[in-house]
Amino acid sequence: METFGERLHAAVAERGPLCVGIDPHAALLSRWGLPDDISGLERFARTVVEALADRVAVLKPQSAFFERFGSRGVAVLESTIRQSKEAGALVLLDVKRGDIGSTMAAYADAYLNPDSTLCADAITVSPYLGVGSLRPAFESATAHGGGVFVLALTSNPEGPAVQHAVGPGGKTVAQTVIDEISQLNAGAETLGSFGLVVGATIGETGHDLSAVNGPLLAPGLGAQGGTPDDLRAVFGEALHNVLPSYSREVLAAGPEIADLRAAAERVLDGCRSALG
């Protein structure tokens, strides 16, 4: 069975280092001239998939923007995941789940078990009940060839108060998360399947990402202020494992398919240049 890390490495080699978010929030639906209802959601998601799923390496639906429409929104999310995969994109479902025991196992079944209609190639998770609490997600990902991206150093202003806090051993909370994920990827060839989320706008923080041996998702590019050149300062020696992530910078170009494709190609060119 091919691992997520192997599939991601192949997808980036073929299509380039780019992840595009699918974030159908109300303001964006309005910008596209769509109603803020289930019909607008469906039209938006279908258009993004048609425009990009056959050409970008990763699509990243933000689950919350689908869940806000209830069961019908979740049905659109299921369809979006399925159609994206059928067109060849890897799907990173942005759910940021984090819990313990049987509850975490249930989340893992929902998003990483192929028997589920919500199964994605990878998901985002939160480690702040302890990285060990995420074991069911790691185990499910390993069993089914999936991936897990763990929040580590985020760009929101509230993040450093927790992530930069120093524990009894002298490490920051973020570095502890980084090191535990590095251990999960130890020995993986090509690329490990367990990644980290590290904001593109955080600058140099003194954290060491060089041993992660897994993908490093870099949100915050484009409309949120980050540029491809910022990636060098943030990731240093780990730059080769970075997966740049854009959302509004690309999505705002819609609703025309040609315009979405042109926007994705433009940001991809900048990422290729920055990542070498």
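## Overall fold

A helix here is a DSSP run of H or I with at least four residues, a strand is a DSSP run of E with at least two, and both are numbered from the N terminus. The structure is a predicted model. Its chain holds 12 helices and 8 strands.

The chain has 276 residues, and a compact globule with that number would have a radius of gyration near 19 Å. The chain has 18 Å, which agrees. Along the principal axes, the C-alpha trace spans about 55 × 40 × 35 Å. Of the 276 residues, 53% count as buried.

## The largest pocket

About 470 Å³ of space lies in the largest pocket. Its lining has 22 residues, and the closest to the pocket centre are Lys60, Asp94, Lys96, Pro219 and Gln224. Two strands, β3 (90-97) and β8 (242-246), each supply at least two residues of this lining. By class, the lining has 11 polar, 6 nonpolar and 5 charged residues.

## The second largest pocket

The second largest pocket has a volume of about 260 Å³. It is lined by 16 residues, of which Val12, Pro17, His240, Asn241 and Val242 are the closest to its centre. Helices α1 (4-15) and α12 (257-275) each supply at least two residues of the lining, as does strand β8. The largest share comes from α1, with 4 residues. In this lining, 10 residues are nonpolar, 5 polar and 1 charged.

Helix α3 covers residues 38-52. Its 15 residues should span 21 Å at 1.5 Å a residue, and its end C-alpha atoms are 21 Å apart, which agrees. The buried residues in α3 include Ile38, Leu41, Phe44, Val48, Val49 and Leu52. Gly40, Ala45, Thr47 and Ala51 are buried as well. An α-helix has 3.6 residues a turn, so residues three or four places apart point the same way.

Helix α9 (residues 173-185) has 13 residues. From first C-alpha to last it reaches 19 Å, close to the 18 Å expected at 1.5 Å a residue. Its buried residues are Ala174, Gln175, Val177, Ile178, Asp179, Ile181, Ser182 and Asn185. Cover for these buried residues includes α7, α8 (159-163), β5 (147-153) and β6 (194-198). Gly187 follows α9 and has a positive phi, near 85°.

Leu112 lies in helix α6 (residues 101-112). Its relative accessible area is 2%, so it is buried. Neighbours within four places aside, Leu112 contacts Cys119, Ala120, Asp121, Ala122 and Ile123, among others. Further along the chain, its contacts include Ala137, Ser140, Ala141, His144, Gly147 and Val148. Leu112 and Gly146 are 34 residues apart along the chain, with their C-alpha atoms separated by 6.3 Å.

Ser140 belongs to helix α7 (residues 135-144). At 9% relative accessibility it counts as buried, because the cut-off is under 20%. Residues up to four places away not counted, Ser140 touches Ala108, Leu112 and Asn113.

Thr201 sits in the loop between β6 and β7 (216-218). Its relative accessibility is 36%, so it counts as partly exposed. Beyond its neighbours within four places, it contacts Ser155, Gly220, Gln224, Gly225 and Gly226. One of these contacts, Gln224, is also among the residues closest to the centre of the largest pocket. Thr201 and Thr227 are 26 residues apart in sequence, and their C-alpha atoms are 8.1 Å apart.

Ala253 is in the loop between α11 (248-251) and α12. It too counts as partly exposed, at 25% relative accessibility. Residues up to four places away aside, Ala253 touches Asp259, Leu260 and Ala263. Ala253 and Ile100 are 153 residues apart along the chain, and 40 Å separates their C-alpha atoms.

Conventions:
Residues are numbered from 1 along each chain as its sequence is written. This is a predicted model: local features need pLDDT of at least 70, side-chain atom pairs count only at pLDDT 80 or more; totals for chains, interfaces and linings use all residues. Side-chain values use heavy atoms; hydrogens and water are left out. The expected span of a helix is 1.5 Å times one less than its number of residues. Buried means under 20% relative accessible area, exposed over 50%, partly exposed in between (1.4 Å probe, protein chains only). On a 1 Å grid over the protein atoms alone, a cavity is a set of points where a 1.4 Å probe fits but cannot get out, and a pocket is an open set with protein on both sides within 12 Å along at least five of seven lines; lining residues have an atom within 4 Å of a point. Grid points are joined across faces, edges and corners, and a volume is the space filled by probe spheres set on the points. Ala, Val, Leu, Ile, Met, Phe, Trp, Tyr, Cys and Pro count as nonpolar, Asp, Glu, Lys and Arg as charged, and the others, Gly among them, as polar. Contact means heavy atoms within 4.5 Å. The radius of gyration is taken over C-alpha atoms; the globule rule is 2.2 Å times the number of residues to the power 0.38.
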